[in-house]
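Morning, everyone. Let me put the model up, and then I'll walk you through it.

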Amino acid sequence: MGCSSSLPDRSTGRLGGLNVSESGGVVDAKNLRVKLVLLGDSGVGKSCIVLRFVRGQFDPTSKVTIGASFLSQTIALQDSTTVKFEIWDTAGQERYAALAPLYYRGAAIAVIVYDITSPETFTKAQYWVKELQKHGSPDIVMALVANKADLHEKREVPTQDGIDYAEKNGMFFIETSAKTADNINQLFEEIGKRLPRPSST
Amino acid sequence: MEKSFNLLHIIQHRRDGYGFALRPQHVQRYREYANIFKEEEEERSYKWNYFIEQQAKSNHSSSSEEERRAKLQAEADELREETEDDSSGKNSDSDGSTKSYPGKEVQLSEQPEKKVQLSEQPENEVQRSEQPEKEVQLSEKPQKEVQLSEEPEKDLKLSEQPEKEVQLSKEPEKEVKLSEEPQKEVQASQIPGRETLLSKESDKEGQLLKETKARKVKSWSWTRPSLHVIENMMSSRVRNIKDLKDRHNTINGDHLPSIKKTVTSGGSSTVEIKKELWIKETSDDNVDESTEESSVDSKLDPESFFPWKELEFLVHEGVPKDLRGEVWQAFVGVKTRRVERYYEGLLAEETNTEQSKEHNNSKAAPRKWKKQIEKDIPRTFPGHPALDERGRDSLRRVLVAYARHNPSVGYCQAMNFFAGLLLLLMPEENAFWTLVGILDDYFDGYYTEEMIESQVDQLVFEELIREKFPKLVNHLDYLGVQVAWISGPWFLSIFINMLPWESVLRVWDVLLFEGNRVMLFRTALALMELYGPALVTTKDAGDAITLLQSLAGSTFDSSQLVLTACMGYLAVTEARLLELREKHRPAVLVVVEERSKGGRIWKDSKGLASKLYSFKHDPGSLVEEKKVSEGDKSLLESHSSNLDDFLSGLSVDSEVDSLPDPQEHVVWLKVELCRLMEEKRSAVLRAEELETALMEMVEQLEQEVADLRQVLADKKEQEAAMLKVLMRVEQEQKITEEARIGAEQDAAAQRYAVNVLQEKYEKAMASLGQMEQRVVMAESMLEATIQYQSGKAKALSSPRSVSSSVESPRRRIGLFGLGWRDRNKDKDKPSNDDSGTS
């Protein structure tokens, strides 16, 4: 008897699954599921941001990410929708960019991270923005994240530069610190709010 | 005190037997497996020791004239290694294995004759000149000679290869180095004999000694002699690869130019290069055969005696911890690879300011690598007890030296883990040469700037997994999960940080033994086999990936993993992989080429992703693209990128304006045509996909119907059973009913009996009453009679007689009269009254 009732559920799930594989993932209006990819130069704190967000931990000596690593986390927004982030944290070294398309293809969100103490990483962030504009999904939501905000005395990239660049490219900008957990949850909540809702389309 | 102890306690429990951090969720499972690991370790160290002993024995028994000569040659090497081994205190088991063969001494006595033979070989002069010293040593330690017999093959090889000789002639210097290590010096000074030995070295060597003393780092050590059998087997493999490579390099230059050639000069060159690669890599694969050939040529055939199968079996069961470092070096062929002073030379470049001599463009690159290395060093096994300040310095030196050794690769993240792991097992320079072997041979083209081979391997793995686990892949496709997302990091890190350490090391054991990266594929397939069934139950992409990651991370049963990999996927051979790589490489090369052009109209950086994507949608498309690649170049470009343009929703229209040239316009039209075809094809694909989905749904429904039917049948069965039970119950009921009726009847019969008795009793009572009446009547009659009689007596008798007669009637009256009255009063107790009165 149980079988008959669960049957329609499964079939809708299947159709949903087909959609997900194409557009990065939505389940229904109240429960969103999105693929998010973190990009940025090596050592800017991509893995730390994810670990802070998912596990609430910070390890100053976290290990090098090879290829990419995956974590997921669900948050509830104020309008009582839930968003399940499927986060791909990619390797930062330049040559691993060859593999990045594997991970950002089909992603609904790209979080591009730089380190406020290193102008070089800001340049690299701009490279990633261009790369995604060329090759990412056209409706990808991009966020520019200035990490290591706790090291403000060593700051070399002014906040305004980040804001300006983000504005010019239609991105969402935020300064975070994985170390102090500053703005980490806000980053993901803001992204959640900006997601295209299936009901509106 | 207590605090620090606790801290230590915690740390110990969070790290495994190799000092690596354990994830908190795995601590428990690790503890469960710790004992198993220990048992396995004991078993395998026993087996290895036995194996090595056997080898020594069998080599000992074989003696040809040539071999003996070779032995002499080898003695020199041996002795050097001996001193090294003694001082490093590692030779415990080699001692054990050799002491039991004192028979070796006989050969020593033959030495003078052999020397003559040696002198006939000019290339061995250096060695010969050292012989006298060596002899002294030999006589001190005859038992060591067993290993000498392991050398012949190498020696013959040497005489065939001039470069090798140079290396050999440099060996005296190495000898000195062995004693450079601080601890060793201490030991040497404690043993006078050793000291004199050192003092015998030439002046030049003495200088070197001083120089190297200053470094005070144990940078190099020889493998223990007992492993030379293995080392020599593997060395021949390395030499073969080297030869082929040299040949290949002189023809083609390095990898990237060849790629460019492929793309730019059209079909014919593609074929050529393919062929070359094929030749190069197949010969790689057939090392065994080719080495055998060469040894046949030299009429000395130690490999035919060598029990490959036995060794392979041992390797599958794992290399013992204390042998691992040296066995790995033997597998990689470090001894053959090593070029004296090369490592120091690479490191010295650093101090010679930043003058880049080799490459014009290398000025920026080394700085970039150096920076990346600096970033990554503290992030390599953070917190590992062995990676302290000095350990990190070693790591830095090894990585920098490798980057300089092979600028076409430089430094790539992941190498830091490899070098770190190797440094935990062996001295610095040994680690460097092992790393060189792994990266230059096993993973050639893997970690280069374009990472071509690693992309190719992902396509190959994708094909294999589709072949082996169609159902699993079907499910993953449905969830929208690409296997490469997970297998990519597996391959690139050679499973470091992806599996528990015990398993990582076991996989490395086999991988290094086999001399290629087949084990990567086999292990990955084994993981899919082990965890596929669990993956199929997942309901979304995130869950599937998380599950696979965490299951892989808890693969503590390393024996199961390795055996599944090695036994289950024998069909996955290097030859097969080469074939598949050839098939998929063009696709990757095209994309890399486009990317390096800096993205013109048809640029597409998705590369691997798009290939994998098209894989999923139509496995045939790759073949098609490959065919096209041999034709018109522009068509090829447009064709391969177009699918992606379409799929990613990029519009070609926006770029129409940027097409001034009519020829380009033609190209554009072709492209447009292709695009439309592509669109049509993808629509068809889509339809097919939907159909498949529908079919799956139908299948599912059918399955469910079948399930339901099954349930129904079950229910029916149950019903029948219930009926039976009911019947039985009814029968029982009937029986009880009958019993009840019987009981009732009994009760009725009893009641009847009671009634009968009652009646009888009543009758008895009635008759009793009658009897009483009769008694009364009889009494009254008796009274009457008595009165009559007394009246008669009064009249007739005397006064005496009167008195007596009066008395007697009174008594009788009393008797009867009382009885009567009493009876009237209480009829129930007539007898009592009677008895009372009487």
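This is a predicted model: local features need pLDDT of at least 70, side-chain atom pairs count only at pLDDT 80 or more; totals for chains, interfaces and linings use all residues.

Start with the two chains. Chain A has 201 residues, and 51% of them are buried. Chain B has 838 residues, and buried residues make up 37% of those. Chain A carries 6 helices and 6 strands. Chain B has 40 helices and 0 strands. So what is the order of elements in chain A, from the N terminus on? They run α-β-α-β-β-α-β-α-β-α-β-α.

Now contacts along the sequence. Take pairs of residues in contact that are at least 6 apart in sequence. In chain A, 68% of those contacts join residues at least 24 apart. In chain B, the share is 78%.

Chain B also has a record to mention. UniProt, in an unreviewed entry, lists residues 684–721 of chain B as "coiled-coil region". In the model, that stretch of chain B is 100% helix and 0% strand. Its end C-alpha atoms sit 54 Å apart.

On to the sheet in chain A. It is an open sheet of 6 strands, with mixed pairing. Reading across, the order is β2-β3-β1-β4-β5-β6. Which strands stand at the edges? They are β2, residues 68–76, and β6, residues 172–175, of chain A. Each has a single partner strand, so one side of each is left without a neighbour in the sheet. From one strand to the next, the twist averages 25 degrees.

On the β2 side, the partner is β3, residues 82–90 of chain A. These two strands run antiparallel and are joined by 9 bridges. For one pair to find on screen, A:Gln73 has A:Phe85 in β3(A) as its bridge partner.

How does the chain cross from β5(A) to β6(A)? The path goes through helix α5, residues 159–168 of chain A. This β-α-β crossover is right-handed.

One residue in that helix, α5 of chain A, is A:Asp161. A:Asp161 has 14 C-beta neighbours inside 10 Å, so it counts as partly exposed. A:Phe122 is 39 residues from A:Asp161 in sequence, but their C-alpha atoms are 9.4 Å apart in space.

Helix α4, residues 119–135 of chain A, lies across β1 (31–40), β4 (109–115) and β5 (141–147) of chain A. Its direction is at about 165 degrees to β4(A). Helix α32, residues 541–553 of chain B, lies across β2 and β3 of chain A. That helix runs at about 130 degrees to β2(A).

Now the inside. In soluble globular proteins, nonpolar side chains tend to be buried together. The largest nonpolar core here has 180 residues. Which residues have the most contacts inside it? They are A:Ile112, A:Ala143 and B:Leu435. The element that gives the most to this core is helix α31, residues 518–535 of chain B, with 10 residues.

Zoom in on A:Ile112. Beyond residues up to four places away in sequence, A:Ile112 touches A:Leu39, A:Gly40, A:Ala125, A:Trp128, A:Val129, A:Met142, A:Ala143, A:Leu144 and A:Val145.

Pick A:Trp128 from that list. A:Trp128 lies in helix α4 of chain A. It has 25 C-beta neighbours inside 10 Å, and therefore counts as buried. Outside four places in sequence, A:Trp128 is in contact with A:Leu39, A:Gly40 and A:Ile112.

Most residues other than glycine have a negative phi. A:Ser80 has a positive phi, near 65 degrees. A:Asn183 also has a positive phi, of about 65 degrees, although it is not a glycine. A:Ser80 lies in the loop between β2 and β3 of chain A. A:Asn183 is in the loop between β6 and α6 (184–194) of chain A.

Buried or exposed: which is A:Ser80? With 7 C-beta neighbours inside 10 Å, A:Ser80 counts as exposed. A:Asn183 is buried, because 20 other C-beta atoms lie within 10 Å.

That's the tour. Questions, please.

Terms used: Residues are numbered from 1 along each chain as its sequence is written. Chains are lettered from A and ligands numbered from 1 in the order in which they are written. Two strands pair if DSSP finds at least two bridges between them. Helices (H or I, at least four residues) and strands (E, at least two) are DSSP runs, numbered from the N terminus. Axes are lines fitted to C-alpha atoms, for helices over the stretch in contact, and angles run from 0 to 180 degrees between N-to-C directions. Two residues are in contact if their C-beta atoms, placed from the backbone, lie within 7 Å. A residue is buried if 20 or more other C-beta atoms lie within 10 Å of its own, exposed if 12 or fewer, and partly exposed in between; C-beta atoms are placed from the backbone. A crossover is right-handed if, with the strands pointing away from the viewer, the path from the first strand over the helix to the second runs clockwise. A nonpolar core is a set of buried Ala, Val, Leu, Ile, Met, Phe, Trp, Tyr and Cys residues joined through C-beta atoms within 7 Å. UniProt positions are given in the numbering used here, feature names are shortened, and annotations may be inferred rather than shown by experiment.
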